[in-house]
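Please keep the sequence and the structure in view while reading.

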Amino acid sequence: MRIAELAKEQEEYIVGLRRYFHTHPELSGKEFHTLSKIKEELEAMGIPYVEVPEGGILATLEGKTEGKAVLLRADVDALAIRESEENLCRKRDCISGNPGVMHACGHDGHIAMLLGAAKVLMEKREELNGRVYLCFERGEEGGGNIRYLLEYLEKEQVHIDSVYAAHLYAGVESGKIAVNDGAMMASNLPFHVTIRGKGGHGSRPDRACNPIDAFVEIYGRVGSMRMTKIDPFTPLTFSIGEVTAGNCQNVIPEELKFKGTMRTFDREGAGMTFYHEFKKLIDSVCALHGCEAVYTRYNPPGFPVVNDKACAALARQAIGEALGTDCLTEAEPWMASESFAKFLHRWPGVFAFIGIRNEEKGIGAEHHSPAFDIDEDVLWQGSAAAASYALAFLKGE
């Protein structure tokens with residue numbers, strides 16, 4: 001039986017899992033019931049696994065013959081967002097049962113699609129020329145738990161030839177799957193900075209060193225820094241999303257804290273330039289205002305999600321054969337970031353977008369928003385895409 005037919009047969013199973021995980025969301029580092037459910041499903045399929053402390057689950061599906069190894073990955077954590085009862089135009093098919101916690105980025109669907117792919121691969125086990133690892137990653141949403149998985153893989157000398165992951169994406173219409181050559185998602189530089197000054201009474205600002213004044217100047221100048229220090233033809237965005245200072249209208253605070261991120265696809269060029277120049281700007285402005293900058297979090301930018309060209313071509317061929325070439329498309333690279341970049345930095349592989357935008361169903365809200373929703377009709381296609389890549393890679397030269 002063809003991969004698409006096998007995946008379609010599992011549609012009810014896949015959708016049911018997605019609804020279970022959506023109804024029972026858990027934050028990064030607290031995905032205990034989520035992992036228990038994943039282990040339950042793997043045990044029912046007869047697939048052995050190990051639980052990597054803090055990292056997640058790594059299951060192993062052995063083929064009937066020796067060969068290469070491919071890793072398929074899904075992330076499992078939710079976000080601290082209170083879900084709206086409706087999406088963009090109608091009531092939801094299911095809603096979070098954990099108030100204030102929501103699968104607002106599609107990870108519930110990612111788990112379901114990977115377990116669905118496991119079902120398909122078990123049916124195709126006789127055709128597996130090698131080994132498939134099923135990786136369920138904890139703490140993708142800023143938790144950094146991927147390091148525990150990578151440390152485990154290195155310690156245990158787990159050999160991997162290629163990696164694959166997919167993201168349900170509102171930027172692509174339902175029924176379409178995007179596999180670009182090259183960049184899919186951006187590099188990320190998160191920054192947490194404290195400006196320490198000298199507090200005082202609001203009536204005598206001359207006797208204080210106001211950290212708010214320093215921040216205002218930094219905020220005003222960072223835009224011009226983008227224009228004068230970075231190639232205008234290189235995409236780069238930055239934003240400051242959190243600022244805290246003071247608690248009284250007539251008291252100049254001693255410190256101000258601000259947090260934000262920078263995104264780019266050009267890590268070594270624009271990314272590293274921003275990294276060095278932004279710190280120079282902060283330090284020089286703070287000095288002018290008699291303040292000091294303390295960097296709670298300020299590391300070089302991470303890696304962008306970049307597909308290997310040969311693997312991307314193989315993925316398009318395999319997915320096209322399984323689901324028809326009409327489903328294939330290209331997508332504008334997404335400026336959000338993804339921990340899967342660390343897998344792709346180590347091994348050649350593919351990151352795909354599974355389109356979920358469906359205006360008739362009210363689906364298309366931004367990721368990480370209370371109205372975010374997914375089109376469940378595409379989940380089986382995501383399972384078919386993952387399984388088809390694994391089979392094609394293991395068969396290839």
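## Helices on the sheet

In this predicted model, helix α6, made of residues 211-229, lies across strands β8, β10 and β12. Helix α6 runs at about 175° to β10. Helix α7, residues 267-288, also packs on the sheet, where it touches β8, β10, β12 and β13. The direction of α7 makes about 150° with that of β13.

## The sheet itself

Strands of a sheet pair through backbone hydrogen bonds, in either a parallel or an antiparallel way. Here 4 strands form an open sheet with antiparallel pairing, in the order β10-β12-β8-β13. Its edges are β10 (236-245) and β13 (292-298), each of which pairs on one side only. On average, neighbouring strands of this sheet are turned by 20° against each other, direction ignored.

R196 stands opposite E292 in β13.

In soluble globular proteins, nonpolar side chains tend to be buried together. The largest nonpolar core of this model has 69 residues, and L72, V132, L134 and F136 touch the most other members. Helix α10, residues 379-395, gives the most to this core, with 11 residues.

What does F136 touch, not counting residues up to four places away in sequence? Its contacts are I38, L42, G55, G56, I57, A74, V76, I111, L114 and L115. Another core, of 29 residues, lies apart from the largest one; A69, Y133, C135 and A341 are among its members.

Terms used: Residues numbered from 1 in each chain as written. Predicted model: local features only at pLDDT ≥ 70, side-chain atom pairs only at ≥ 80, totals over all residues. Heavy atoms only, no water. Pairing = 2+ DSSP bridges. Helix = DSSP H or I, 4+ residues; strand = E, 2+ residues; numbered from the N terminus. Axes fitted to C-alpha atoms, helices over the stretch in contact; angles between N-to-C directions. Contact = heavy atoms within 4.5 Å. Core = buried A, V, L, I, M, F, W, Y, C linked by side-chain atoms within 4.5 Å. Buried < 20%, exposed > 50% of the residue type's maximum accessible area, 1.4 Å probe, protein only.
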